[in-house]
Amino acid sequence: MKLQQLSLFLENRPGRLGAPLETIAKAGINILTLSLADTAQFGILRLIVRDWDQAKAVLEDAGWVVNLTEVVAVDVLDRPGGLAAALAVLEGAGLNIEYMYAFSLRRGDKAILIFRFEDPDRAIKVLLDQGLHVVDGEELLNLAS
Amino acid sequence: MSPQSHPSHHAHQHGTEQGLWDPEAETRSRDAIEALQIERLRTLVARVAQVPFYRDHFVHREIGPHSIRSLADVRRLPLTTKDDLRRQHPFGFLAVPRRALARIHGSSGTTGRPTFVAYTARDLETWSHLCARFLVAGGLKPEHTVQIAFGYGLFTGGFGLHYGIERVGAAIIPAAAGNTRRQLEIMRDLDPEVLICTPSYALTIADGARELGIDPRTLPIRTGHFGGEPWTEDMRCEIEEQLDITAFNNYGLSEVIGPGVSGECSARTGMHIQEDHFLVECLDPESLEPVAEGEAGELVITTLTREAMPLIRYRTRDIARLDRQPCACGRGTARMSRVTGRTDDLLIIRGVNVFPSQIEEALLRVEGTTPHYLIEVSRPGRLDEVHVKVEIRPELFSDRMDRMQTLCERISREIQAVAGIRAHVDLVEPRSLERFVGKAKRVLDRRNLGA
């Protein structure tokens, strides 16, 4: 039920974001979504890709420090209040969200929320108990293509 | 040790006429200075036989007072290094019984542990007079009020200058270091004519005044005595222009006494070395042979009159030039140039001595931060800034921003604990720092202090 997210360390200066993305592109790996957290000095690039193990290998070969994290994807209706409803469930259960990001799917009426939980296994249990739909890797790839 | 072998200050007439605190001692001819140095060096050789480090050396080589027939014979004596002092920590270099000590100061060391420097009551007396001399040479009068914005503590700057000024009879405001706004309030209320601090802090005071809407040129200060860190002629011009003062340079190091080894007279063409108390050689740091007259070399100092912790040929690691030509002021003493560099990797950051090895020690406490790091020192505005660049490694990296920020803070805290300075920690990408075949270059000093 969990997805593998790749995180990369980047210095916060012009041109630094392009380099790893180009490395992945050259390997023919498609990026499903990404998010970037930054300070004035450095940034953390988080990627969900189709072939995470291959992507990790090519990035590491190119000299990047890559970290692998388990995240949880949930699909919600892509309409006002869709995210709020999901968050209400998580807050009600007292689950701690480290960070999250979201993206819409090209077809259909679904949006995908990516959550980084302190305790992903417990979070999945709560989400399922509350009737939310947790998307696994294969399903996400099908939805996104 | 006989008291007669030491200079008695009471026998001298002290004053402030013509910038001479001790006219008799300060205007000796070159010949008279050298004759006195030989005499005191002989006595010193006898006295340091109390110190095992020197005694062992002397016994092996059959060295004694008889070995000193000319000043050149000082080169028959061993050199002393900071490492030697550290190996004898804390008091292996004491030449008097512990009970004879009157004060203990300290200097920073590579381990974050200070090297202690001990003084007898007479050492403190000598020190006060040495500070009085350079202060008076720079125009200090008993009617002046002096604000001391140096740290008071193990650091020798605050107390050394304090007692020198007290000796001259001027009024002291022991404001101590920091809190610029309060320093300015004190200046406004008490009208001190003289300021004592590091040169960079003088510029901080000027900045602080402007922030409060005060023109720094209208401050009461007319004279500044600055030391404790290397500075340049350009910086002197800037300080004088901004504060409308005359700025004097002085030099010293805690291992040999503290401030008072040398200082400028009104001519300000080099710092007069107080040669009746210090025998200064200028050596090539590689060959350890004397450099040609007027060439830059490492200053090596023998303390001729220190009682508690006399040092023979102490390697200061400071690079400067000596000038033995007579000075317009009438003093016959040799003058030293500004310190233009170091023969080791010591960095002086806002007056704090920092060895790169201390930063490395701090980094070693945080797993994964070594071996690839670089210490960058700059002076973007008035004050020194240190950036420690650390290459990110897998064991350091987290996808969570809070963890990354905690990491930076932790490294910064460790550096503060070991080296006593605040450093900015810049995490950088892997392989972004230059790689070296051989000895890695860990320090990039962009301050251009050699000017």
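Which strands of chain B does helix α10 (residues 356–364) lie across? The legends below take up this question along with the rest of chain B.

The model is predicted, so local features need pLDDT of at least 70 and side-chain atom pairs count only at pLDDT 80 or more, while totals for chains, interfaces and linings use all residues. Residues are numbered from 1 along each chain as its sequence is written, and chains are lettered from A and ligands numbered from 1 in the order in which they are written.

**View 1. Helices α10 and α11 of chain B on strands of the sheet**. Helix α10 of chain B lies across β17 (373–378), β18 and β20 of chain B, at about 130 degrees to β17(B). Helix α11 (residues 401–419) of chain B lies across β18 and β19 of chain B and runs at about 135 degrees to β19(B). Helices (H or I, at least four residues) and strands (E, at least two) are DSSP runs, numbered from the N terminus. Axes are lines fitted to C-alpha atoms, for helices over the stretch in contact, and angles run from 0 to 180 degrees between N-to-C directions. Two residues are in contact if their C-beta atoms, placed from the backbone, lie within 7 Å.

**View 2. An open sheet of 4 strands in chain B**. The strand order is β19-β18-β17-β20, and the pairing is mixed. Strands β19 (424–428) and β20 (443–445) of chain B are at the edges with a single partner strand each, so one side of each has no neighbour in the sheet. From one strand to the next, the twist averages 20 degrees. Two strands pair if DSSP finds at least two bridges between them.

**View 3. Strands β18 and β19 of chain B**. Strand β18 (residues 385–391) of chain B pairs with β19(B) in the parallel sense over 5 bridges. Across this pair, B:V390 stands opposite B:L427 in β19(B).

**View 4. Domain 1 and domain 2 of chain B**. Domain 1 covers 3–342 and domain 2 covers 349–445 (bounds from an automatic or database domain assignment) in chain B. Their centres, taken over C-alpha atoms, are 33 Å apart. The contact takes 11 residues from domain 1 of chain B and 13 residues from domain 2 of chain B. On the domain 1 side, helix α8 (residues 199–211) of chain B gives the most, with 4 residues.

**View 5. Chain B as a whole**. The secondary structure of chain B comes to 11 helices and 20 strands. Along its principal axes, the C-alpha trace of chain B spans about 75 × 60 × 45 Å.
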